[in-house]
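Trainee: I would like to learn how to read this model feature by feature. Where do we begin?

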Amino acid sequence: MDMLWSGWGDPAKAAPLPDAVTGLLRDLLGVTPRESGPATLDAVETPAAALTEEARTALRTAVAAPDGLREDAESRIRHTRGKSTPDLLRIRAGEVDDIPAAVVLPAGHDEVLAVLRVCAEHGLAAVPFGGGTSVVGGLAPTTKRPFVALDLRRLDRLVSVDEVSRTATLQPGLRGPQCEALLNARGWTLGHFPQSFEWATVGGFAAARSSGQASAGYGRFDEMVLALTVATPEGTLELGRAPRSAAGPDLRQLILGSEGALGVITAVTVRVRPLPEKRIYEGWRFASFEAGTAALRRLSQDGPKPTVLRLSDESETFVGLAQPDAIGGELPQNPGCMAIVGFEGTEGDTSARRAAAREVLLACDGEYLGEEPGDKWEHGRYNAPYLRDALLDAGAFAETLETAAFWSAIPGLYTAVRDALTGTLTDAGTPPLVMCHISHTYENGASLYFTVVSAQGEDPVAHWAPAKRAANDAILAAGGTISHHHGVGTDHRDGYVQEIGPLGIRMLQAVKAEVDPSGVLSPGILVPVR
């Protein structure tokens, strides 16, 4: 099943906003429905496929399946850009000027290599495509050359499980639910559940350094990866032969987060954990974001560390976004800040950690709210992107951005980004509601995840651009990283250049020149084109 071409996920799961939310948007932000709705897919005018006959023949030879090369309009539209709000607004308006010339569906590592060789020989670019969930321009190359979307959905096997070492080798086209189901059937779990879980793929998790909602317990995806097989225009990289090594710099870390610019991941070996006997999530209330942040820091530094640990600020708690499945319900009179605390593992370990964490949270003036808020969060944990679509349908602009910093920098970072977004959008005549939550925690710092809602203005895409720039500038000035888990793509490329400096960028460009001398792979994504 393909994702909705003009929105998120399964169209059957989409639902309009509750009346209470529509009224709140109208009264607080002046949001009114727009006159025109999304264009139909059939109405989108697409430019003709730009492949030469020689390139077309070579690509058909490179992939064995009869339908391994697709040039029809629908396939190309479905592989145009990703799922950021500007991406969706443009596709809904029928803007497909950066559509791929074709979609190629290889069925194995050797076919990926063959496709990359054809692209190099015929002046094409190639952009790896997994679930299509990028929200930072990771599927929108900066190139005047025709490019193909390299769809990896046919590389979708669980290759092997090593139960002694507790590892599994996975192909990159496995979506999150498929991967988890295959592992669960053998008694294992990956424990990686990002908000994009239902649609994103294993290869995408690795290529973008994904972080899941249970990262406090299971770790980030890049921490799970032990080995990689990578196809490049210059050949194959086999990286990782032991869990840790002192044999020079770890080249696995060079590929993780490279977003397809340095190679196409065709296999990933990850560590797995036993399927937990028990999962339990509960809600806690804190009087302020500052107080809740202090409590999360204490658990992260001194333990016991929960598996899931999240904290919504006052605005996000008030609106109900802390529990997306409860949006539209009765608004709380004194919401404070909602935290979701979850525990997974054996019966005995889960109970012991939960009891010890409760003592810490009570000592930090937390108020125990029971399991109902946690259950609501668990039930609606993947619903926020559907809510974003409903907001767009109602005439609102809704977008997210995220960052991370050391604990000491979190208060200043939180204020700086909120002020940048609020000031820029208010000056544009569309005062926003800015919400935030701590999404991931570490011993030394945490991630801040912001959600912004406002009226769309006359030109919604242009309306967002200065606010995004202001937020990026505020993040860097306040000591944050330009991205914690969404990646760089093209949207964060300039910020990434500032973050690692000109020498760092030249190092990456030098590596790219070795593995991709013709500039085939994802040009302009992650690093500027030389």
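Mentor: We begin with a bend: the bend at a residue is the angle between axes fitted to the seven residues ending there and the seven starting there. Helices (H or I, at least four residues) and strands (E, at least two) are DSSP runs, numbered from the N terminus. This is a predicted model, where local features need pLDDT of at least 70, side-chain atom pairs count only at pLDDT 80 or more, and totals for chains, interfaces and linings use all residues. Residues are numbered from 1 along each chain as its sequence is written, and side-chain values use heavy atoms, with hydrogens and water left out.

Trainee: Where does helix H18 bend, and by how much?

Mentor: At Gly501, by about 105 degrees. A proline, Pro502, follows within four residues. Now check the span. The expected value is 1.5 Å times one less than the number of residues. For the 23 residues of H18 (493-515), a straight helix would span 33 Å. The end C-alpha atoms of H18 are only 20 Å apart.

Trainee: Which residues of H18 are buried?

Mentor: First the cut-offs: buried means under 20% relative accessible area, exposed over 50%, partly exposed in between (1.4 Å probe, protein chains only). The buried residues of H18 include Arg493, Tyr496, Gly501, Gly504, Ile505, Leu508 and Lys512. Their cover includes strand E8 (225-232), helix H10 (251-255) and helix H17 (460-477).

Trainee: What does Gln509 touch?

Mentor: Contact means heavy atoms within 4.5 Å. Gln509 lies in H18 and is buried, with a relative accessible area of 11%. Not counting residues up to four places away in sequence, Gln509 touches Val527, Pro528 and Arg530.

Trainee: Now sheets. In what order do the four strands of the open sheet lie?

Mentor: Two strands pair if DSSP finds at least two bridges between them. Here the order is E1-E2-E4-E3, with mixed pairing. Strand E1 (69-70) and strand E3 (125-129) are the edges, each pairing on one side only. E3 runs parallel to strand E4 (147-151), joined by five bridges. Ala126 stands opposite Val148 in E4.

Trainee: Which helix packs on that sheet?

Mentor: Helix H5 (109-122), which touches strand E2 (102-104), E3 and E4. For directions, axes are lines fitted to C-alpha atoms, for helices over the stretch in contact, and angles run from 0 to 180 degrees between N-to-C directions. H5 makes about 175 degrees with E4.

Trainee: How many bridges join strands E12 and E14?

Mentor: Nine, in the antiparallel sense, between E12 (278-286) and E14 (337-345). Glu282 has Val341 in E14 as its bridge partner. E12 also pairs antiparallel with strand E15 (367-370), over three bridges. There, Arg285 is partnered by Glu367.

Trainee: Which residues touch the most other members of the largest nonpolar core?

Mentor: A nonpolar core is a set of buried Ala, Val, Leu, Ile, Met, Phe, Trp, Tyr and Cys residues joined through side-chain atoms within 4.5 Å. In the largest, of 43 residues, they are Leu421 and Leu448. Helix H16 (410-427) gives the largest share, six residues. Beyond its neighbours within four places in sequence, Leu448 contacts residues including Phe289, Leu401, Ile410, Leu413 and Cys436. Another core, of 38 residues, lies apart from this one, with Ala207, Ile255, Leu256 and Trp377 among its members.

Trainee: Is Gly176 buried or exposed?

Mentor: Buried, at a relative accessible area of 3%. Gly176 lies in helix H6 (176-184). Leaving aside neighbours within four places in sequence, Gly176 is in contact with Phe197, Ala200 and Phe205.
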